[in-house]
Amino acid sequence: MATKNAEAHAAVAKKYEWGFATDIEQDFAPKGLSEDTVRYISAKKNEPEWMLDWRLKAFRLWQTMEAPDWAKLNIPSIDYQDAYYYAEPKAKATIASLDELDPEILRTYQKLGIPIEEQKVLAGVEGARKVAVDAVFDSVSVATTFRAELEAAGVIFRSISEAIREYPDLVRKWLGKVVPQHDNYFATLNCAVFSDGTFVYIPEGVRCPMELSTYFRINAENTGQFERTLIVADKGAYVSYLEGCTAPMRDENQLHAAVVELVALDDAEIKYSTVQNWYPGDENGVGGIYNFVTKRALCQGKRSKVSWTQVETGSAVTWKYPSCVLNGEDSVGEFYSVAVTNNRQQADTGTKMIHNGKGSRSTIVSKGISAGRSDNTYRGLVKVAPGAEGVRNFTQCDSLLLSDQCGAHTVPYIEVRNPSAQIEHEATTSKISEDQLFYAMSRGLDQEAAVALIVNGFAREVLQQLPMEFAVEAQKLLGISLEGSVG
Amino acid sequence: MLKIDNLHAEIDGKAILKGLSLEVNPGEIHAIMGPNGAGKSTLGYVLGGRPGYEVTAGSVTFDGQDLLEMAANERAAAGLFLGFQYPVEIPGVSNVQFLREALNAQRATRDEKPLSGGEFLKLARAQAAALEMDAEMLKRPVNVGFSGGEKKRNEMVQMGVIDPKFAILDETDSGLDIDALRIVGDGINRIMRKPDKAVLLITHYQRLLDYVKPDFVHVLADGRITRTGGAELAHELEREGYTQVAA
Amino acid sequence: MSVLDLPSNRAEAWRWADLGGLAAAAALEPVARADAAPYFLDLPGARLLFVDGVLDEGASDLGSVTLAQLAAGDHPLGRRAGGLGWLLRLDGQAVTDPVQVVHVATGRENHLAAEIVLGEDAAAQVVETYVGAGWSNRATRVELARSARLMRAVRFLQGAGFVSVRDEAAVGQGASLVTTFLGAGHAGSRIDGQIVVGEGGYAEVGGALLTAGEQKQECAVRVRHAEPNGQSHQLWRAVAADRSVASLAAAVEVARHAQKTDGEQSLRGLLLQRTATVNLKPELEIFADDVKCAHGATVGELDARALFYMQSRGIPKPRAQAMLTRAFVADSIERIGNEAVREAFAADADAWLEAVL
C-alpha cells in the first residue's frame, strides 16, 4: 500500500514547463514601497488626479493594516521594501500595432502558446473560435487583440490603464465598489500599487461575440504583480472571460496580489474561468509565487448570474476565495474549483456565497487533489440574510490524497438566518484506490496514464464547466502535472 | 501459450498458491474450479499482475516471455485480459474514454496506429450490441451505478473491443441471471473461441460451462491443482461436491 | 480579550461564542435555590448535588466518587475550574451503577472540575443536569484505559444565565466514549471539547441544542484521531426559534499515521422563525491518506411535503410540526444507552418543543 502511494506520488511529481525567463530591457520603479512609488506608478500611467488620490488613500490605509495570519498557511513574513512594484518592458509609450511589440515578448507568448497575433488566429484552423486576448507582461498590458471587432459590438475590452484614461466615468463608477479599498491587506495594497489589468464593459443586451482572455506573465525578478480586473455586464449582457497565468522559475518568492471585481446587472451573466499555473517553487519549496488574490462578484441585478471556474495548479502559496454577493432577486452564484498541490505547495482556497437576495441560489463544487508534502484547504462561507426567502445552496467538497505526507482540509462555514433556506453541504476524503489503478492498468494504461485518468475523472464536474478551449488546456495541464518520474 | 510452473504466491505473508503448474495452448479453453478459499482469484490476480501478491517461487511465461517481470499494463499490451470478479467503479471517467485510452495505449506499445474517435465508437457500439448492452451505457462512468450483471456484461464488451489473445475470466458468471449467462457465454465463444486464442475460466459452479464448453477442467484445492479432466469432470464436481472429488 | 479574559470572536474557534452572554450571566443577581429532587432520576447508584459548585453532602450519596484537588488545564474556560472537584476512578474490570450529578446555580458564577478515570475494561455511566441561574463553568477530564467504556449524558436546563463546559478526553486503545448533550433550558451555552482517540478507539459526541428567545447556544468540539483504526461519529441537531442563535462547530482531525480512520459528521439545523440563526461548521483536517471521512450538513425548514401528508391524514398542522421537529431532534439523543436516561432527555426535549411550538 505504501508502495502504491509512493508510486502515485511520483507520478504527480512534475516539471514546470513554463519556467523560462525572457531577456528584455525593462524599466523599474525604484525598489521598495512608499508614497513616491505610488506616485511613480500613477505618473507612468498618465493617470488623472482622482486616480492618484484613490491610490494614496489606499496606501495610507494599508500602512495601518496588519498582514492576515491564517491558520493553515505557513508563510515567511514578506519584506515589502525588498521588491519592485512596477516593471515595464522598455518599449514605445504606446504600441500602435503588434509589429511594434518587442519581438522578445512576442516570442515569450509564442512559447506559451498564446495567440496574441490576430492574423495567426484568423488564419488558424477553420472553424476555431476567436478569442480576444489581453496580454499582461509584468506590470503592463502589452497587447489587446480583436479590438475593432469587439468595438463594433459595443464591447469595451481595454487594459485598465487605458480605460481609466478613456472611460473615466465608467471605471470610477465601479472601481472599488465590489471589493472596497479596506477589504483586506492584499486588496488594499493592490489599490495602491496596481499596475495594469483588464477592463471589460458589455453594454445592455449584448452577448459578447467571442471569449475574452487575459494572459498574465510575471517575468522580471523581485517584482510583484498587482493587476486589477474590472468587468461590468450591463442588463441582459453575457460574457465569458478566461484568465491564464505563468511565471519563470526563480529562487525568490514573488508576490502576486490581484483584485478582480465583477458586476452583473439584471439578467446579466458572467462566466469567469481561471487556469492558474504560476511557478510553484521546486520540490523543496524554494521559490514560487505567493498568490494572494481577491476576487468577488456583485450579482446586483435580478436573475443575474456569475460563475467562477478555477483550475489551480501553480503558486507556492495560494490564498484565494472567488466570491459572489448575491443581492439580486433570483440571482445565481456558482463556484467550481480544482486545486492541485504537490511538493511543498500550500493552497487555501474556496468561496463565499452571500445570499441577500430573495430566491438566490448557489452551487459550490470543490475538488482538492493533494500530493507530495503539500497542504490543500477548502475554506468557504455560505451566508443567508434574514430577508432572503427561498435561498438554495448546494456544496460538494471532495478531497483526493495521493501521498501519506500531504494534508487535505475542509473548513466550511454556514450561517443561516432565514428558515426558508435550504442549505446542503457534503464532503468526502479519499485516496486513489489501488483497485482503480490496477483495473485501469490491467486494461493497458501505464501508471501515469492511469493516475491522470482517475484524477481527471475526479475533477470532471469542474473541468466540464470550462469553455472548450480552456477545458482541453486544463486537462492537458492536469495530465502534465501528473507526468514525470514514475518510481 | 501460457506456462505456469510450480507457482507459489502469498499475500500479507500468507501462502495461497503452493506449487501450481498448468499449461494452456492456443485454441484451448481451460476451466479452474474449486471450493472457496482454494486460491482461484489469487491465481487470476497473480497472472494479471496485481500489486500485493508476492510470488515466492515458480515461473510463468506467456508466449515465451517472463510474465511475472511485466507490469499489469504490459501484460495487457502483450495480449492478456483479466475479467474481474468485482469490476471497479471509476467515477467521472466514461466507458468510452476509459476503453479508448486503454486500447490506444495497448496499440502504441505494439507500434500500431491509434484508433480515431469515430473508428473506436463504431467498434465499441458493435461489441455493445453483440452483448445486448444499451449503447448509452458506453457514455456512463465506468461501472458506476451498474448492476452486478451489467458490470459483468461491460467486462465482456471491453474484452470484445480489446480483442485479447488470452483471457482469464474470474467468476464471470456470478451475478448473472439465466438470460445474461447465455449472452455472456455466447460472447466468450464469439470473441475467444479461435485457434490462436485461449481462455482460463475461473468458476465455482459449472453452469457457465454449459455455454462455454471447456477442453480441460482442473480442480484447484489448497493452492495446487489436484485433478484434471475433461468437461465431464465439472458435472462430477457438481454432483459429488468438492470435498469428494478434490481429496 | 473581553473582561473575562477570553479570546475574541475574531479567533476562529470563538467566532460564534456568546462572550457578552457569558459576562451577563456572571453578573446575575442571586436567586432562590431550586429544588434538585425532580432532576434525580430513579436509578441506582451515586447521587451528587452541587450548589454553586459546592457539594451538598447531606443531599448526596458519593458511592465510588471522591472529592479531590484537581489540576486546571490551560484552556481559557477550563483553567478557571481548578481546585476541589469530583473524581470517579474505577479500577480495571470495575463496573458501577450510573452516577448522577445535579448542579444548581443561584446566580453569579461558579466553577467546578471533574475527572473520570476508567481502568482497563471498566465501564461507567454519568448523567449531569444543570438547573438554576448564573454562570456555571465546568472542566471535565476523561481518561479511558484500554477497552474502557463511558456513557455520558449531559442536559442544560438552567432557567437563565450560561453553562459552559470544557471536556478533555483521551480514549484509549479499543475504548469507547459516548457523550450526548441536550440544551433545553433558557440559558446560553458553550460546549467546548477536545477528544483524542487512540488505536481502534471509538468516540461519539453529539446532541441537540434547542434555543429560543435571545438565547445563544453552541458547540465547538474537535475529535482528533491520533492512532490508526479509530472511529468517530459527531451527530448534532440545532433547533432555533425567535431571535436565538444555535451554532454547531464540529471538527475531525486525522493525524499523519492514523490510517484507516473512519470519521463521520452530521450537522443539521432547523430554523423556526426568520429571526433566528443557525451556524454550522463541519470541519475536516486530514493528514493520512487511507481514511474514510465524510460530513454532511444541512439547514432548512420542515419538509413541506411531510407536513402536508400528515395534515391530509387529519393531523392538525401544529401537531404535525411538533411531531416532525421531535423526529428531527430524536436521533441525536437516541444514542443514550440507558433507557431511563434517554426517556428523561426525550421528555425534556418534548417539553421544550411544547412550549415553543
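Modeller: A polar contact is a pair of N or O atoms within 3.5 Å, where one must be able to donate a hydrogen and the other to accept it. Keep in mind that this is a predicted model.

Colleague: Why is the pair C:Glu218 and C:Arg190 called a polar contact?

Modeller: The side chains of C:Glu218 and C:Arg190 are joined at 2.8 Å. The cut-off is 3.5 Å, so the pair counts.

Colleague: Is C:Glu218 buried or exposed, and how do you know?

Modeller: Buried means under 20% relative accessible area. C:Glu218 has 4% relative accessibility, so it counts as buried. This residue is in strand E12 of chain C, residues 216-225.

Colleague: Which annotation covers residues 114-328 of chain C?

Modeller: An unreviewed UniProt entry gives "domain: SUF system FeS cluster assembly SufBD core" for residues 114-328 of chain C. Over that stretch the chain is 61% strand and 10% helix, with the end C-alpha atoms 32 Å apart.

Colleague: What makes helix H9 of chain A largely enclosed by the rest of the structure?

Modeller: Nine of the nine residues of H9(A), residues 185-193, are buried, so the helix is largely enclosed. Among them are A:Tyr185, A:Thr188, A:Asn190 and A:Val193.

Colleague: What caps the N-terminal end of H9(A)?

Modeller: A:Asn184 does, with a side-chain oxygen 3.0 Å from the backbone nitrogen of A:Phe186.

Colleague: Why are A:Asp435 and B:Arg50 said to form a salt bridge?

Modeller: The rule asks for a side-chain nitrogen of Lys or Arg within 4 Å of a carboxyl oxygen of Asp or Glu. For A:Asp435 and B:Arg50 the N to O distance is 2.4 Å, so the pair meets the rule. Across the interface of chain B and chain A the rule finds two salt bridges, and ten residue pairs are in polar contact.

Colleague: Which element gives the largest share of the side of chain B that touches chain A?

Modeller: H3(B) does, with six residues. That side of chain B divides into 18 nonpolar, nine polar and four charged residues.

Colleague: How many residues are in contact between chain B and chain A?

Modeller: 31 residues of chain B are in contact with 17 residues of chain A. The buried area is about 2000 Å², and carbon and sulfur atoms give 66% of it. On the chain B side, B:Asn73, B:Val88 and B:Phe98 lose the most area, together 25% of what that side buries.

Definitions and conventions: Residues are numbered from 1 along each chain as its sequence is written. Chains are lettered from A and ligands numbered from 1 in the order in which they are written. This is a predicted model: local features need pLDDT of at least 70, side-chain atom pairs count only at pLDDT 80 or more; totals for chains, interfaces and linings use all residues. Side-chain values use heavy atoms; hydrogens and water are left out. Contact means heavy atoms within 4.5 Å. Buried area is the accessible area (1.4 Å probe) that two parts lose on being put together, summed over both. Helices (H or I, at least four residues) and strands (E, at least two) are DSSP runs, numbered from the N terminus. Ala, Val, Leu, Ile, Met, Phe, Trp, Tyr, Cys and Pro count as nonpolar, Asp, Glu, Lys and Arg as charged, and the others, Gly among them, as polar. UniProt positions are given in the numbering used here, feature names are shortened, and annotations may be inferred rather than shown by experiment. Buried means under 20% relative accessible area, exposed over 50%, partly exposed in between (1.4 Å probe, protein chains only).
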